[in-house]
Amino acid sequence: MPLLVKARSFLRNLFFTRRVDADLDQEVHSHLELLIEEKIRAGMPAAEARRAARIELGGVEQVKEQVRDSRTGAFLDSLLQDFRFAIRSLRRTSGLTVFVVITLALGIGMTSATFSMVDALIFRPYPVPHPSNVVTLVGTTHDSSYENFSYREYRDIRDNTKSYDGVIAYAEMQAVGFSAEPGVTPRIKGGVMVSGNFFRVLGVEPGLGRGFRADEDQVPGRDAVVVLGPDFWRHEFASDPGVVGKTIRLNGTMFTVIGVAPDSFPGLLTFGHPDLYVPLAMAPVFSTNLGKNFFEDRDDRELTVKARLKMGTSLQDARNELAVLAKGFERDYPNVTRSRGAAVYTQFQTRTIEDDNWKFGVVFVILALAVLLVACTNVAGLLLSRARERAREIAVRLALGAGRLRLIRLLLTESLILAILGGLAGIAIGYGVIEWFHSKDTIVFATELPLAVPFQMDKRVLLVCVGLSVLSAFLCGLAPALQSTRVDLVNALKSADVEVPGRKRLWGRNMLVVAQVSMSLMLLTAAFLMARGFEHDLMLDTGFTKDHLLMTTFDPRLIQYNATQTQQFYKLLAERMRETPGVQSEALTQNIPLGNDDFDGVTFVPDGFTMPPDRENFTVTMDTIDEGYFDTMGITILRGRAFAATDTADAPRVTIVNAHFAKHYWPGGDAVGKHIRLDNSAGAPVEIVGVAQTIKYQNMATPADFVYMPLAQHPVARMVLLLRSSGDPLQLLQPVKDAVRSLDPNLPLLQTRAYEEFYLNQAVRGPQIAIDLVGTMGLVGLLLAIAGLYGLVAYNVSRRTREIGIRMALGAVSSDVLRLVMGKGFVLVGTGTALGLVMGFALEQLMNSMLFDSGGVDVVAYLIVVPSLFLVAMLAAYVPARRACRIAPTQALRYE
Amino acid sequence: MSPEQTSLLQGTLDLLILKSLRAGEMHGLGISRRIQQLTGGTFVVKPGSLFPALHRMEEEGWIAAFWGESENNRRAKYYRMSKAGQKQLEAETKRWSRISLAIGQALEAS
């Protein structure tokens, strides 16, 4: 029963506040009357009795307040009261409120948008049950701490480890020719080869049909079964549940659809959402490396290996176990596993090692947080100056018996409301920025594979927004709240000008100025440095010609060409293209420079080079090209010759290396005429016939060793055709299509575009977006800082109007006053600048080590940023100081 | 307020209020005077403590309030003990005796 009684009084207190209050009022008053009566009866004179009774009661309002505080739901009740009050007072100063909300929204919005990047790139868990148990197993070498495993190695790991509840493997997402019916030209979809236990170990229940059975991944080429990705199923089959059991053609082979992955599982990749999953055993249909046997060669390393850690097994146990296994590999297969180790990574480690892009995200977050901090100091400054205007109101409240804590809570409620409004608007801004990333023209993936920007405004990002809002409420509300409730009551009630310029109080405000100057300086420096860094990247010469080039990719495996047919096709294609009018030159290459696909690696030993004692061989990136490549791309052959038609499959093997390579292994002499041996010192010798100019290969970063192989001696199935045109490269499109149709009408042309356009999307747009982003943050930070700085400094000076009046009255001249005021501003801005320089410098070091590696200090950035900020701050001090000097002393003394 | 007047122990006020109300329904001032009388003037309950306690106990359901007339025909709020209050009083009394016995023993021990 008591619970019921309690609930009833709770509701009564909450909803019939007025009646409950009136009742209480009557009760206390009647108590007072009874007291007076008692005292009169005891013989006191009426007036005396009244006074004594009041003293004994101790104040009607105070007693009532004490009762209210003890009631059920008192906390909630007073909270509601605070909210109502705060909203009322915020509405009274709507202009200020709007400004503060916008300020906070900019800070919170930017932080949430940039956090969504970092979240997508590092933190977001795998979309599987118990994602934290999923670890990644990788090989390690001298040059790399993230190496894939071969099929053989995977099977050994799977069968000889005890730390896991299952070990899975999958290959990179690759272009697969898909047609729903035979006879239709295949279209490119993204397919992933996975081990048979893939879905089972990950704990992913198919949305439709079933996952792979263990026996479907045992016999090479036997079980042509496929599981569809959820998006693919939706778009290609209109979510038809009858799709299970149907057959589709993948790279010309019939596959039976056995299931559809659930919507909750878009795959394990950060950027891609695979369309199709097929068993590893079907590798003959998909395998990319023609020179290797996927099922047998231990050095055909194409598989990412992940495993689910057993409950109770520590990461260290798993690492030790794998290390022992890797030692065994090295012992048993020395030729292909010399000095290879293995490591087990958590999700976080994996994501930070496999892709460097997260570093940009982290720097963006730091910058966005700086914007938010500037915004918070702005708001704190505003609230502080408003607190002075409210000092009297607060003094009255304190005098009437409000507790200090209660008042602080009230003021914090106000800033909380501001922060919540700012947070909501910030979420809208963050959402807008993320949508902008998603919009078609912002980030273009120049590929047919199903790639997507992974940034999203999800639960996790929203949670961060809420956290940031609350944090900023405290950041910008606490100091003003503490300060404005620390008033000298007597003084406060006596005059409007309660502010006794205590050292402590000024100190707080000065801190804000310093913080603001330093934060914005750091922000600007970073923005400036980053923009310059990216621009530097963009300005770099790529080393080859980009205009008047048409590119298109062929993959004859999509229509079941064997190796001979493939090479025949490329030979005929090259001949046809050379005869086509408008084609200046023709080239075939496995990869284009600065493209999406990684270059292959080649393992070799340079003849006559003293190997370091701990190394068996070196691995560098390579490209397979035909004889027209260097001409078409405008890459200079520095020494020796380019490939020629005479470098046939039967001719002695030849290679061309880049200048970097030549200088690396033959620093003194001429590399031409020297040999490298493939794989190891006993491998086939290949003669270096030429040295090519070093260009940009995979990305804009530092130059690297690079090797070219002739197509005739190093057959590759998937090749890019590059055509140099005399006019608009796209005019060659029709002739190319015609030529291909005459060779084989079923062969699709992939990724057909002008190279220059592709290059702009690929290499220029990313940095451009980063520059835009950083520039926006810098600009917003600067504007906020200027507004806040001006407000704070001007306010500080205007506070001294009376003092200035007195000084003037006592005979000071304007220049004295100006010097006084400006001097103060100078010291504050100077301190802030010094601090900001230190922080900017630290951030620059961080950025240099993480991103650009340009070393050194960018003096220009500081030369531009520091004086401009200084100027603004000094102007902010000058204008009000000037005004203060101009007013007559009499007026200044009457001021306020 | 004389210095001998001891401040009330936490929870003791409830016990004293219930004890006073055992004699019958009473208004606030009456309760306050009754406690003063019961404790021989050791405890003087100020309205600032009394009223919050009364309202809290009402919400607990130990006492019930109603408006009535005072001896001098003044409207006053009266309190009466409920069944739950009766039980609470018994429980609290037992508890208090135990505590005071224990403290007494502790203090007498050498």
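Hi everyone, let's start where the two chains meet: the contact takes 20 residues from chain B and 23 residues from chain A. Please keep in mind that this is a predicted model.

Which elements of chain B give two or more residues to the side that touches chain A? They are helix 2 (28–38), helix 3 (47–60) and strand 3 (75–81) of chain B. Helix 3 of chain B gives the most to that side, with eight residues. If we sort the side of chain B that touches chain A by class, we find six nonpolar, seven polar and seven charged residues.

Now let's step back and look at chain B as a whole. Its secondary structure comes to four helices and three strands. Reading from the N terminus on, the elements of chain B run α-β-α-α-β-β-α. The C-alpha trace of chain B spans about 55 × 35 × 20 Å along its principal axes. Chain B has 110 residues, and 33% of them are buried. Take the contacts in chain B between residues at least 6 apart in sequence: 51% of these join residues at least 24 apart.

Next, let's return to helix 3. Two packed helices are described by the angle between their axes and the distance between the axes. Helix 1 (residues 12–21) of chain B packs with helix 3 of chain B at an angle of about 75 degrees, and their axes are 10 Å apart. Because of that angle, helix 1 of chain B is roughly perpendicular to helix 3 of chain B. From helix 1 of chain B, the contact is made by B:Leu13, B:Asp14 and B:Ile17; from helix 3 of chain B come B:Ser49, B:Ala53, B:Leu54 and B:Met57. The residues of this contact between helix 1 and helix 3 of chain B divide into five nonpolar, one polar and one charged.

Finally, a quick look at backbone angles in chain A. Most residues other than glycine have a negative phi. A:Asn251, though, has a phi near 45 degrees, a positive value in a residue other than glycine. Where does A:Asn251 lie? You'll find A:Asn251 in the loop between strand 8 (247–250) and strand 9 (253–260) of chain A. Phi of A:Gln751 is also positive, near 45 degrees, and A:Gln751 lies in strand 23 (residues 750–754) of chain A.

A:Gln751 is partly exposed, with 18 other C-beta atoms within 10 Å.

How values were computed
Residues numbered from 1 in each chain as written. Chains lettered and ligands numbered in written order. Predicted model: local features only at pLDDT ≥ 70, side-chain atom pairs only at ≥ 80, totals over all residues. Contact = placed C-beta atoms within 7 Å. Nonpolar A, V, L, I, M, F, W, Y, C, P; charged D, E, K, R; others polar. Axes fitted to C-alpha atoms, helices over the stretch in contact; angles between N-to-C directions. Parallel < 35°, antiparallel > 145°, perpendicular 65-115°, else oblique. Buried ≥ 20, exposed ≤ 12 C-beta atoms within 10 Å, placed from the backbone.
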